[in-house]
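Q: Please take a close look at the aromatic ring pairs in this chain. Where do they sit, and what do they tie together?

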Amino acid sequence: MSQSLPTLALSVRRPWAWAILHGGKVIENRTLSAIRAGGMTTGAICLHAASGMKEDEYRWGLWRLAKHGVVAPRPDALIRSAIIGTIDVVDIVTESDSAWFGGKAGLVLENPVAIEPIPAKGALGYFAWQQAGSIAKPSPWMLAFDRAGGTADTPSLFPKLPVSFEEPPKKPFG
């Protein structure tokens, strides 16, 4: 299967990688220096789900996605450390009217296609990927996420209810 996939990939943290494939996220925000240093250009690439995901990043992402009407899966359901799809980068912009644009620059994305996850290690910028390693196991916080007073072994009474926020979580990055 990997022979028919693009040879270059871009690693994106969760839940953003999921949002690119399933939530209508059409711009991946980066700085211009990161785009240049990472050799990012237009064309078809693989989408890599990064291994890292901290709880504050996930909570902020969940809140941000909800502003777009998008409900992301629980953190323990998000595959990490794997190639999870393909995407076409059709433009690199420094301005956009898209609600997904929120940085200094962004990669404009089209044609997301999810694939069966392929374990792979990520890297910064575009990188030549290869199958390696294994899919990351969920951290304890991911298994117990938003289970009122519960643990990974004690399911929530209302597992289908979306997570709600009384106030926006603190943005975990600059």
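A: The count comes to 5 aromatic pairs in this predicted model. Here, rings of Phe, Tyr and Trp (its six-membered ring) pair if their centres lie within 6.5 Å; planes under 30 degrees apart count as stacked, over 60 as edge-to-face and the rest as tilted.

Start with Tyr58 and Trp141. Their ring centres are 6.1 Å apart and their planes stand at 50°, so this pair is tilted. Tyr58 lies in helix H3 (residues 55-66) and Trp141 in helix H4 (residues 140-143), so the pair ties together parts that are 83 residues apart in sequence. Helices are DSSP runs of H or I with at least four residues, numbered from the N terminus. Tyr58 and Trp141 are each buried, that is, under 20% relative accessible area with a 1.4 Å probe, protein chains only.

Tyr58 also pairs with Phe145. These ring centres are 5.0 Å apart with planes at 90°, so the pair is edge-to-face. Phe145 sits in the segment after H4, so its pairing with Tyr58 in helix H3 joins parts 87 residues apart in sequence. Phe145 is buried, as is Tyr58.

Elsewhere, ring pairs link Trp16, Trp60 and Trp63 into a cluster.

Now the wider setting. The chain has 4 helices, and buried residues make up 41% of its 174 residues.

A note on reading the model: residues are numbered from 1 along each chain as its sequence is written, and side-chain values use heavy atoms, leaving out hydrogens and water. As the model is predicted, local features need pLDDT of at least 70 and side-chain atom pairs count only at pLDDT 80 or more, while totals for chains, interfaces and linings use all residues.

Definitions and conventions:
Helices (H or I, at least four residues) and strands (E, at least two) are DSSP runs, numbered from the N terminus. Buried means under 20% relative accessible area, exposed over 50%, partly exposed in between (1.4 Å probe, protein chains only).
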